[in-house]
Amino acid sequence: MEQRRRYWPAVGLFFLAPLVAEFLLGNLPVTKLFALFALAPLYGGGAVVIREVARRRGWGYPSIMLLALAYGVLEEGVTTQSLFNPNYADLRLLDPGHISALGMGAPWTVFVLSIHTLWSITVPIVLMESVSRRPREPWLGRKGFVVFCVMFAFGIFATTAFQLQSDSFVASAGQFIGVGVALVVLIALAVWVGRREPVHEHGSALSVWLVGVAGLAGTSLYMVVDDLDLNGWLQAVLLLALIAVGTLVVLRWSRRDGWTRLHTLALAGGALLTYAWHAFPEKSLGGGSKAVDLAGNAVFAVLAVALLVIAWRRTAVAVVTPAAEMTGDDGMADATIRRDKFGDS
């Protein structure tokens with residue numbers, strides 16, 4: 001029974017990732033909730049595989065985010081090819097800030113890869129780890145891990161096949177080679193970062209509530225900048241600047257004494273709430289009634305807040321004990337608990 005319980009957080013992450021990535025965002029309306037089962041192998045499979053690889057190796061969130069970025073490159077560069085398709089979904093996403101030599105659009109590339117990195121993969125992982133009794137341990141044995149790897153591979157294949165059926169565009173050989181090189185580099189960086197010793201900064205960690213407000217404000221500003229009708233190159237520069245500043249600030253904060261899992265959850269919670277409010281002005285791809293879309297957005301927002309409250313309560317109980325504070329299990333810069341052997345459940 002205990003081994004079976006280990007699977008539930010992985011199953012929860014399998015479905016939470018596409019819920020956050022597409023439905024909480026407001027990209028898909030509640031009337032298309034059935035699409036969750038088609039999206040889960042790609043989004044959820046990717047999130048579970050990334051999380052399991054990182055925790056089996058004893059890596060922290062920096063490595064997870066680098067692998068999440070690699071996921072974004074894979075999805076948008078290979079499965080949907082939105083990084084290269086000039087008329088993807090009839091939206092002309094590559095026109096602003098177009099890079100003719102690469103066949104890409106600067107603001108779209110920055111934006112879509114960043115939302116996959118943070119919202120599609122990392123935020124769901126943080127939330128599910130926060131409600132799990134084993135937040136930094138593997139959830140799957142060898143067989144379970146293989147099953148989720150197969151589902152992820154199926155998600156990639158199915159999504160690619162569906163996209164090719166609906167749109168005949170195929171990227172060039174050079175573009176696919178570029179994607180492959182980017183994947184190798186990002187995975188290598190994830191390994192290198194994961195093997196580094198933790199770095200500590202002088203000073204005490206900020207208030208958890210202040211960190212959460214900063215997470216909400218920073219990610220909200222990011223989405224607002226993307227919504228503005230700006231010159232494509234200016235927009236790309238502003239988005240990259242926000243990413244750079246946010247990354248440096250969070251890394252420094254998380255290296256201070258007293259940084260706990262609650263701080264990491266506060267950051268993820270702020271990002272989650274940004275998606276929740278941003279869904280209301282967002283135009284969904286459903287083409288249905290606006291009133292129904294808004295009602296669905298409200299339902300997803302309430303569920304997101306409820307999950308955040310549950311995660312907060314469970315994490316708060318876990319970090320009050322001295323043992324929890326001394327594990328090194330303290331957020332973005334931690335090396336986490338290393339484990340060498342895993343059961344074959």
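Guide: What follows describes the largest pocket, after a word on the chain around it. This is a predicted model, in which local features need pLDDT of at least 70 and side-chain atom pairs count only at pLDDT 80 or more, while totals for chains, interfaces and linings use all residues. Residues are numbered from 1 along each chain as its sequence is written, and side-chain values use heavy atoms, with hydrogens and water left out.

The chain has 11 helices and two strands, taken as DSSP runs numbered from the N terminus (helices H or I, at least four residues; strands E, at least two). In sequence order the pattern is α-α-α-β-β-α-α-α-α-α-α-α-α. Its C-alpha atoms fill a box of roughly 55 × 40 × 40 Å along the principal axes.

The largest pocket holds about 1,700 Å³ of space. A pocket here is an open set of points on a 1 Å grid over the protein atoms alone, where a 1.4 Å probe fits, with protein on both sides within 12 Å along at least five of seven lines; lining residues have an atom within 4 Å of a point. The volume is the space filled by probe spheres set on the points, which are joined across faces, edges and corners.

Lining the largest pocket are 49 residues, and Asn-27, Tyr-88, Leu-91, Trp-108 and Leu-285 lie nearest its centre. Two or more lining residues come from each of α1 (2-24), α2 (36-57), α3 (61-79), α4 (106-131), α5 (142-166) and α7 (208-227). By class, the lining has 27 nonpolar, 11 polar and 11 charged residues, with Ala, Val, Leu, Ile, Met, Phe, Trp, Tyr, Cys and Pro counted as nonpolar, Asp, Glu, Lys and Arg as charged, and the others, Gly among them, as polar.
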